[in-house]
Amino acid sequence: SSFNTINVTDMSRMFHMMENLKSLNLSSFDTSHVTNMSNMFAGDKSLPNLDVTSFNTSNVTDMSNMFASMGKLSSLDLSHFDNA
């Protein structure tokens with residue numbers, strides 16, 4: 001929850017294949033400069049909840065497989081994601 005991500009442009013594979021991850025606090029993530037979120041959470045098989053409602057996706061050009069193989073994830077709110 002204390003990562004300084006203000007200048008990050010590539011978050012691809014950031015949490016990829018963290019199979020035993022049970023919780024993740026992303027509320028302080030600044031994603032306003034991120035262009036690549038591909039495979040960001042792919043393979044996180046034990047993560048039951050993921051709150052990405054604070055994500056700014058206006059500059060993201062690649063979200064491929066961002067949530068692939070997340071077997072325990074029960075719901076995901078992407079309504080605020082910029083799809084322009």
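Q: Contact means heavy atoms within 4.5 Å; leaving aside neighbours within four places in sequence, which residues is L50 in contact with?
A: This is a predicted model, in which local features need pLDDT of at least 70 and side-chain atom pairs count only at pLDDT 80 or more, while totals for chains, interfaces and linings use all residues. Residues are numbered from 1 along each chain as its sequence is written, and side-chain values use heavy atoms, with hydrogens and water left out. Once neighbours within four places are set aside, the contacts of L50 are L24, L26, F41, F67, M70, L73 and L76.

Q: Which residues touch the most other members of the largest nonpolar core?
A: A nonpolar core is a set of buried Ala, Val, Leu, Ile, Met, Phe, Trp, Tyr and Cys residues joined through side-chain atoms within 4.5 Å, where buried means under 20% relative accessible area, exposed over 50% and partly exposed in between (1.4 Å probe, protein chains only). The largest such core has 18 residues, and those touching the most other members are L26, M40, F41, L50 and F55.

Q: Is F55 buried or exposed?
A: Not counting residues up to four places away in sequence, F55 touches L26, F29, T31, M37, M40, F41, M66, H80 and F81. The C-alpha atom of F55 is 8.3 Å from that of H80, 25 residues away along the chain. Because its relative accessibility is 3%, F55 counts as buried.

Q: Which residues do ring pairs link into a cluster?
A: Rings of Phe, Tyr and Trp (its six-membered ring) pair if their centres lie within 6.5 Å, with planes under 30 degrees apart counted as stacked, over 60 as edge-to-face and the rest as tilted. The structure holds five aromatic pairs. The residues that ring pairs join into a cluster are F3, F15, F29, F41, F55 and F67.

Q: What is the radius of gyration of the protein chain?
A: With helices (H or I, at least four residues) and strands (E, at least two) taken as DSSP runs numbered from the N terminus, the protein chain holds zero helices and zero strands. The globule rule, which is 2.2 Å times the number of residues to the power 0.38, is compared with a radius taken over C-alpha atoms. That rule gives 12 Å for 84 residues, so the chain is as compact as a globular protein of that length, with a radius of gyration of 12 Å.

Q: What is phi of M17, a residue other than glycine?
A: Most residues other than glycine have a negative phi. M17 is partly exposed at 42% relative accessible area, and, leaving aside its neighbours within four places in sequence, M17 is in contact with A42, G43 and D44. Phi of M17 is positive, near 60 degrees.

Q: Which residue's side chain makes a polar contact with the side chain of N36?
A: N36 is buried, with a relative accessible area of 18%, and its C-alpha atom lies 4.9 Å from that of D10, 26 residues apart in sequence. A polar contact is a pair of N or O atoms within 3.5 Å; within protein, one must be able to donate a hydrogen and the other to accept it, and residues adjacent in sequence count only if both atoms are side-chain atoms. At 2.8 Å, the side-chain partner of N36 is S38.

Key. Contact means heavy atoms within 4.5 Å.
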